[in-house]
Amino acid sequence: MELSWKLILLLSLVECLTGSGVQLRPVFTKQPGSVVFPLQAGENRREVVFSCEAQGHPLPFYRWKLNDSFILPRPGSRHFLMGGNLHISHLNKEEDVGVYQCQASNSFGTIVSRESSLHVAYLENFKTQRRSPVRVREGQGVVLLCGPPPHSGELTFTWIFNEYPSFIIQDTRRFVSQKTGNLYIAKVEPSDVGNYTCVVTNTVTKSSVQGPPTPLVLRVDGVMGEYEPKIEVQFPEVVPVAKSSTVKLECFALGNPVPTISWRRVDGASFGRKVDINKASGVLEIPYFQQEDAGIYECVAENSRGRNSVKGKLSFYAAPHLTEKPQDVQKTIDDTLVWECKASAKPKPSYRWLKNGEPLDPMEDRVQATNGVLTINNLNLADIGMYQCVAENKHGRIFTNAELRVI
């Protein structure tokens, strides 16, 4: 009799706290986001902060993981916690790059945050100072290699002809690939003789470095005759493209006469207004990529001596987006729990469940997890806690939380 009165008093207290607007279980109010951090040469005093805040009563305490291993902040270490926020001082690009995740816990259970990655952007100097001359005949096509130095972060490329600020202007005859950094000249003319210098810029750090000059020299053993197009800049056979992102395809050919570049969809569909085709520089750009933009694209290079073409498939993909998620629930002992978790994604997502931040063990016959549906039969007090559904495919994962109470 005394035990039942204690249970009633406990439930009354829970209802009182809940009714007053106090969140008992931990609930994230701020989760970490991915960071691309610019690091200049010789710099090691920069600090990175990953944010994590949760409400709850009692107040949650926090732990962090890096690449699935717990970070243990110690006095004097480069890691320390301020509230739930993780501070990393004296950033080290070898040790600190990876996937971070925050855990918030109180007496009602544990939840884990979304995953966030840390990438360090940097750009080193070119190692070599001299390059051998490139010798070609007049009328011949040529490729001048950039060979960017060690780096992390997106790069852009330009080329200087002879001396700054005389930059190469792209046209139907000259092309600078933003994929490789190489300079392509479809048909060399006497005016092309000189020194070429590749300039590499990191779009995150905003720093630039110049490579060693490459001399272009005309051979004296005759002029190159006409020949059919040879496509030197190609795109992959399959290009995965994320929903709502921008995709750029590059295509450029050497040849004499200078080839013309054209684009088409193999299925015959016309290009929408948003598609930008820069015929002078051999680039096809599709912003805000959607399912209907997927398909096989063909680049055709033609001159009076013949034609050549390359094809590639743009395949649409999307990271998981939750369409149905479990809600907090209170059950009685020996009752049955059924939670459903659904997400839209391409390819289709797989599902797994966590309990208090750890993988849920479905080894017991009474626990089943199939296609996002979690069923627990014959509930008992040991089942109390915080549960999370994780929907994932190879392009991303998403977490959703729910609390199970058993009385």
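Predicted model: local features only at pLDDT ≥ 70, side-chain atom pairs only at ≥ 80, totals over all residues.
Is Glu 285 buried, partly exposed or exposed, and what is its relative accessibility? Glu 285 counts as partly exposed because its relative accessibility is 23%, and the cut-off for buried is under 20%.

**Salt bridges**

Let's stay with Glu 285 for a moment. It forms a salt bridge with Lys 248, and the closest N and O atoms of the two are 4.0 Å apart. This pair links distant parts of the chain: Glu 285 sits in strand S27 (residues 283-286) and Lys 248 in strand S23, 37 residues apart. Lys 248 is partly exposed, with a relative accessible area of 45%.

How many salt bridges does a search of the whole structure find? The count comes to 24. Side chains of opposite charge can pair when their charged atoms come close.

Another one of these contacts is between Asp 221 and Arg 219, whose side chains meet with an N to O distance of 2.6 Å. Asp 221 is partly exposed, at a relative accessible area of 41%. Arg 219 is partly exposed too, with a value of 35%.

Then there is Arg 352, which forms a salt bridge with Glu 392; here the closest N and O atoms are 2.6 Å apart. Once again distant parts of the chain are linked: Arg 352 belongs to strand S33 (residues 350-355) and Glu 392 to strand S37, 40 residues apart. Arg 352 counts as partly exposed at 33% relative accessibility, whereas Glu 392 is buried, with a relative accessible area of 14%.

**Disulfides**

Now for the cysteines. Searching the whole structure turns up 4 disulfides. Count the bonded cysteines along the protein chain and the pattern reads 1-2, 3-4, 5-6, 7-8.

| Cysteine | Partner | S to S distance |
|---|---|---|
| Cys 146 | Cys 198 | 2.1 Å |
| Cys 251 | Cys 299 | 1.9 Å |
| Cys 341 | Cys 389 | 2.1 Å |

Take Cys 146 and Cys 198 to begin with, joined by a disulfide. Cys 146 lies in the loop between strand S13 (142-144) and strand S14 (151-152), while Cys 198 is in strand S18 (residues 194-202), so the pair ties together parts that are 52 residues apart in sequence. The torsion about their S-S bond is about -75 degrees, so this disulfide is left-handed. Is Cys 146 buried or exposed? Cys 146 is buried, with a relative accessible area of 0%. Cys 198 counts as buried as well, at 2% relative accessibility.

Next come Cys 251 and Cys 299, also joined by a disulfide. Cys 251 is in the loop between strand S23 (247-250) and strand S24 (252-256), and Cys 299 is in strand S28 (residues 295-303), so far along that the two are 48 residues apart and link distant parts of the chain. The S-S torsion of Cys 251 and Cys 299 is about -80 degrees, so the disulfide is left-handed. Cys 251 is buried, with a relative accessible area of 0%, and Cys 299 is buried with a value of 0%.

That leaves Cys 341 and Cys 389 from the table, joined by a disulfide. Cys 341 lies in the loop between strand S31 (337-340) and strand S32 (342-346) and Cys 389 in strand S37 (residues 385-393), so the pair ties together parts 48 residues apart in sequence. With a torsion of about -85 degrees about the S-S bond, the disulfide of Cys 341 and Cys 389 is left-handed. Both Cys 341 and Cys 389 are buried.

**A hairpin of two strands**

Finally, a look at strands S9 and S10. Strand S9 (residues 98-106) pairs with S10 in the antiparallel sense over 4 bridges. Together S9 and S10 form a hairpin, with 2 residues between them. Which residue in S10 stands opposite Gln 103? That is Val 112.

In a regular strand the side chains alternate between the two faces of the sheet. In strand S10 (residues 109-112), Gly 109 and Ile 111 are on one side and Thr 110 and Val 112 on the other. These residues are all buried, and both faces of S10 are covered.

Methods
Residues numbered from 1 in each chain as written. Heavy atoms only, no water. Buried < 20%, exposed > 50% of the residue type's maximum accessible area, 1.4 Å probe, protein only. Pairing = 2+ DSSP bridges. Disulfide = S-S within 2.5 Å.
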